[in-house]
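Please look over the structure before reading the points below.

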Amino acid sequence: MTDQATTKQPIQKELVGVVVSDKMTKTIVVEVARRIRHPRYHKVMTALKRFHAHDEKEEAGVGDKVQIAASRPLSRLKRWTLVAVLEKAEVVEKVEA
């Protein structure tokens, strides 16, 4: 009987969120919402957390729904990279009265 080496890929953490800022070069800020239950009062709350993610091609814009994955540290705050843009945000034009 031969031993076949099964190569397991490490579990890579991935999150889905909304881009709230794209003002930095090659960096986006993604806000991820989680639904949690309060441990004592059992009320369901929405917890928000912001992550700085690397966007090499600068393809994500404000309001886009994106998928990000954990990566090695790229800077002081960036520990995530952009995987895909799931939905593009609608462009709303300003109307002056």
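Three salt bridges are present in the structure. The model is a predicted one.

**Lys26 and Glu56**
- Lys26 and Glu56 form a salt bridge, with their closest N and O atoms 3.1 Å apart.
- Lys26 sits in the loop between S1 and strand S2 (27-37), and Glu56 in the loop between strand S3 (44-54) and strand S4 (65-70), so this pair ties together parts 30 residues apart in sequence.
- Lys26 is partly exposed at 32% relative accessibility. Glu56 is also partly exposed, at 47%.

**Glu31 and Arg50**
- Glu31 pairs with Arg50 in a salt bridge, the closest N and O atoms being 3.2 Å apart.
- Glu31 belongs to strand S2 and Arg50 to strand S3, so far as sequence goes 19 residues apart.
- Glu31 is partly exposed at 24%, whereas Arg50 counts as exposed at 53%.

**Asp64 and Lys88**
- The side chains of Asp64 and Lys88 form a salt bridge at 3.2 Å, N to O.
- Asp64 lies in the loop between S3 and S4, and Lys88 in the segment after strand S5 (80-87), so the pair joins parts 24 residues apart in sequence.
- Asp64 is buried, with a relative accessible area of 3%. Lys88 is exposed, at 56%.

**Val18**
- Beyond four places in sequence, Val18 touches Val29, Val30, Glu31, Gly63 and Asp64.

Notes: Residues are numbered from 1 along each chain as its sequence is written. This is a predicted model: local features need pLDDT of at least 70, side-chain atom pairs count only at pLDDT 80 or more; totals for chains, interfaces and linings use all residues. Side-chain values use heavy atoms; hydrogens and water are left out. Contact means heavy atoms within 4.5 Å. A salt bridge is a side-chain nitrogen of Lys or Arg within 4 Å of a carboxyl oxygen of Asp or Glu. Helices (H or I, at least four residues) and strands (E, at least two) are DSSP runs, numbered from the N terminus. Buried means under 20% relative accessible area, exposed over 50%, partly exposed in between (1.4 Å probe, protein chains only).
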